[in-house]
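Reader: I'm new to this one and have just opened it. Could you walk me through it step by step?

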Amino acid sequence: MFTLTALEQEALYLSLLVSGWAVVGSLPLGIGCAWLLARRDFPGKSLVDGLIHLPLVLPPVVVGYFLLVMLGRRGPVGALLHDWFGLTLAFTWKGAAIASAVIAFPLMVRAIRLSLESVDRGLEQAARTLGCGPIATFFTITLPLVMPGILTGVILAFARSLSEFGATITFVSNIPGETRTLPIALYALTQVPGEDAAAMRLCVISVVVAFAALLASEILSRRVQARLKG
Amino acid sequence: MLDLSVIRQQGSFRVNVTLQAGAGITALFGPSGSGKTSVINMVAGLARPDQGRIVVDGRVLFDAAEGVDIPPERRRLGYVFQDGRLFPHLSVRANLTFGRDRLPPSDRKVDFDAVVEVLGIDHLLDRRPALLSGGEKQRVAIGRALLASPRILLMDEPLAALDSNRKAEVLPFIGALSRRFGIPILYVSHSMDEVLSLADTLVLMDQGRAAAIGPTEELLSRPELRPLTGRWEAGSVIRAQVESHDPRTGMTRLRFGGGILAMARNHLAVGAQVRLRIQASDIAIALDHPGRVSVRNILPAHVLSVTQRDTSLVDVMLDCGGTPLWAQISGWAQADLGLKPGMQVHAMVKALTIARGEVAETGGGEEDCRRRPALDPCGRPFALGASSVDLRRE
């Protein structure tokens, strides 16, 4: 029987925790940004679009370093968070979740935005003529119709978060039990001679988790599609 | 009911329309791009006029001068779109109740079961829209708009996306609805068949403006409006009531203002209000009663006007018991008869020239409902029998 060692359990748990929070926490903002980009024209739209997509093309280490400068205990934002809410992000799993969220954000926004752009605006107009205000229309018509896009975005972002390494290690370092996720644990093991077998085990775990996520997304999106098609 | 005067510039196209619509069905008729849909989008609040005022049932929905612009969700209008626009993620039942559920219970004036029954969509309630046929979708869309208890129902070519069989399946319901639920309908169409069978009032749209407004029969019978009414043979449209069917002779007798018209037997219910067209070239004129002749309809009339269209064709407008009839005779015949306004003549129409496809059952507004109470004993729609009649022109 394949049983996980304490280190593997801890890394797996941290990976799921960090990725889960990264996705759940950034989803409302992701939907908001996707909606802005898909539906609204405003000055500086290309700039916002560029900023959101930046983490996709920047080396993750750059993003991690930027986060450290901004959100570190003595960074401009980090200091405020610490003074006002007693919240410390640097070198904690919460910081890891933020790093993952930033890196995965463009993937999420992209998927939701594409889906939003394909929603028939006529359906929203129809809802409006039936007495449904703009906000209610968004929740009763638009959101259910973009559900396939949201699912895709969530799975992509979750998968990207699971594999996050560069920004995480730069921002929150490698702290056992706090920020040592699967990829970081794996990297640490590869640096130690004679730990090839343990490293290989982590590889297998990563593959299984990633594959399970993909499978779950496939099943879910089929269900959603079936619901939309009747 | 509806009182509107709007101006809207759309690129290089300008919509400038002033019109009033009362009870019953008002049709906006015109070619594509004449501004019909823009007008109802402005009424619905989906497009904003640059100037003007829109009032429905005494409630100001839009007034540019006063800065009033009520958002679409608070206008209480039903809108049936050309493409149905059913919500794909909701069942037919949830689609139907979507608008109704957003009304306070005291404002729900249209009964769910009644709508489902009139539209014949009982068996579809638990399906998803994707599994419906085009005709079924449109019926559900009509029901959905109706259940929102609208002050006025806006219909944007609701039958345009349907083939002729599906059209015949939906068409009779629309007339029945307006009468049954007492909701006025503003109906956009570029199909004269639909206008002929549905509209009480006709608005002829041309290049962004309302070129003529009036009772359907009157506008369709006016020679000078022919460029707007389209590729439509010259003729008169008259209102009549089915008087009797005679199985022995195979004829149906229709009563109208000028007397009785016989035509080949049709399947319309006795008492039904119909509207029919008689082509101008199918009417012959005799100065004296012709005596024994094969022509079955010989109607006394007097000449209103005589217009020489070209050397070979003369338009003669007749008054037949208050109903205008449009006749066309040859210039040669006119030279012989010497018709002048005021002359007493006999208009002759062969029974067989009144084509079955040119007779359409109509609602005719509330007035007709009162006149025919026997057909509506328990509040049932009485026009449903018409679904078995082919209303299309051949």
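Reader: Which elements make the right-handed β-α-β unit in chain B?

Author: In this predicted model, the unit is made by strand 8, helix 5 (residues 164-181) and strand 9 of chain B, where helices (H or I, at least four residues) and strands (E, at least two) are DSSP runs numbered from the N terminus. Right-handed means that, with the strands pointing away from the viewer, the path from the first strand over the helix to the second runs clockwise. Residues are numbered from 1 along each chain as its sequence is written, and chains are lettered from A in the order in which they are written. Local features need pLDDT of at least 70, side-chain atom pairs count only at pLDDT 80 or more, and totals for chains, interfaces and linings use all residues.

Reader: And in what sense do strand 8 and strand 9 of chain B pair?

Author: They pair in the parallel sense over four bridges, pairing being called when DSSP finds at least two bridges between two strands. Leu154(B) has Leu186(B) in strand 9 as its bridge partner. Strand 7 (residues 78-80) of chain B also pairs with strand 8 in the parallel sense, over three bridges, with Gly78(B) partnered by Leu153(B).

Reader: Are the residues of strand 8 of chain B buried or exposed?

Author: Leu153(B) and Met155(B) point one way, Leu154(B) and Asp156(B) the other, and all are buried, that is, with 20 or more other C-beta atoms, placed from the backbone, within 10 Å of their own.

Reader: Switching topic, what domains is chain B divided into?

Author: Chain B is divided into domain 1 (2-229) and domain 2 (235-357), with bounds from an automatic or database domain assignment.

Technical notes: Buried ≥ 20, exposed ≤ 12 C-beta atoms within 10 Å, placed from the backbone.
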